[in-house]
Amino acid sequence: MATTILNHPLIDHKLTIMRNKETGTKEFRQNLDEIAMLMAYEVTKSLPLQNIEIVTPICPMTGKQLIRPVVLVPILRAGLGLVDGFKTIIPTAKVGHIGMSRNEETLQPEEYYAKFPSCLKEADVLVLDPMLATGGSACAAITNIKKRGAKNIKFACLVAAPEGIEVMEQKHPDVDLIVAALDEKLNEKGYIVPGLGDAGDRLFGTD
Ligand code: PRP
Ligand code: URA
């Protein structure tokens, strides 16, 4: 499957506000929410459609409808910041949750929660997380989702490191990656450079 780097002017403008260390919780959240709506448009561009016969007030016609239900899966916590924006664009979407916490010393993801709607197997599943750093959290979340039968999976993130993209392409070559911005590298603590810091902490005001 494919990796798409969006490089969209509006997203880049809003992402720069988020990256700025002077930006507080309110503005950080608001810009993430706005970016999520813009990303939802891009991420859903390739969803498959089927024909449906309808009658307009003028005449019968063959229209289009999505073939599959859409399930959003935010990776907790920071992925929650993308959910409202995606739900605004896809109001019928169901939402599953997966909790992943990256161990700060080993950088390995630790799963602490998982709950999914029963239509996961036949759905288009959009996994959401603002950050793809080592790729450990996203890979583990997608492995879990696949074990539960999901087949049509896309992963959307705001900022990615080249290391994370490589790991995802190796471990989950069947999953489309949609990335708003590709950054330079990871630092010695596994943070994305230049990045935006700890997305979960900035989103929820923790530290
Ligand atoms: C952050 C982020 C990703 C993960 C990325 O979550 O939201 O899930 O790190 O890093 P990785 O690609 O190296 O796995 P974190 O574990 O800090 O949890 P949080 O969302 O609760 O803050
Ligand atoms: N998780 C974050 O929130 N930020 C990073 O830069 C890396 C992992």
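A residue counts as buried if 20 or more other C-beta atoms lie within 10 Å of its own, as exposed if 12 or fewer do, and as partly exposed in between, with C-beta atoms placed from the backbone. The model you have here is predicted: local features need pLDDT of at least 70, side-chain atom pairs count only at pLDDT 80 or more, and totals for chains, interfaces and linings use all residues. Residues are numbered from 1 along each chain as its sequence is written, while chains are lettered from A and ligands numbered from 1 in the order in which they are written. Helices (H or I, at least four residues) and strands (E, at least two) are DSSP runs, numbered from the N terminus.

**Helix packing**

- Two packed helices are described by the angle between their axes and the distance between the axes. Here the axes are lines fitted to C-alpha atoms, for helices over the stretch in contact, and angles run from 0 to 180 degrees between N-to-C directions.
- Helix 1 (residues 9-19) packs on helix 2 at an angle of about 160°, with the axes 9 Å apart. The two are therefore roughly antiparallel (angles under 35 degrees count as roughly parallel, over 145 as roughly antiparallel, 65 to 115 as roughly perpendicular and the rest as oblique).
- Helix 2 (residues 25-43) and helix 3 (residues 80-89) cross at roughly 45°, and their axes come within 7 Å. This pair is therefore oblique.
- The crossing of helix 1 and helix 2 is left-handed, while helix 2 passes helix 3 in a right-handed crossing. A crossing is left-handed if the near helix is turned anticlockwise from the far one by less than a right angle, and right-handed if clockwise.
- M37 sits in helix 2. From M37 to F86 there are 49 residues in sequence, yet 5.6 Å in space, C-alpha to C-alpha.

**Strands and hairpins**

- Strands pair if DSSP finds at least two bridges between them.
- Strand 2 (residues 49-55) runs antiparallel to strand 3, joined by seven bridges, and four residues link the two in a hairpin. E53 has T62 of strand 3 as its bridge partner.
- Strand 3 (residues 60-66) lies largely in the open, because zero of its seven residues are buried.
- Strand 6 has antiparallel strand 7 (residues 109-115) as a partner over six bridges, and it pairs in the parallel sense with strand 4 (residues 70-76) over two bridges.
- I98 of strand 6 is the bridge partner of I75, and I98 also bridges to A114 in strand 7.
- Six residues lie between strand 6 and strand 7 in their hairpin, where L107 in the turn has a positive phi of about 65°.
- L76 belongs to strand 4. L76 and D129 are 53 residues apart in sequence and 8.0 Å apart in space, C-alpha to C-alpha.

**Ligand surroundings**

- A residue is near a molecule if its C-beta atom, placed from the backbone, lies within 6 Å of it.
- Around ligand 1 there are 23 residues, of which R102, A133, T134, S137 and G200 come nearest. Strand 6 (97-102), strand 9 (131-132), helix 4 (136-147) and helix 6 (199-204) each supply at least two residues of this shell.
- The shell around ligand 2 includes A78, M131, Y191 and D198.
- By class, ligand 1 has 11 nonpolar, eight polar and four charged residues around it, and ligand 2 has six nonpolar, two polar and one charged. Ala, Val, Leu, Ile, Met, Phe, Trp, Tyr, Cys and Pro count as nonpolar, Asp, Glu, Lys and Arg as charged, and the others, Gly among them, as polar.
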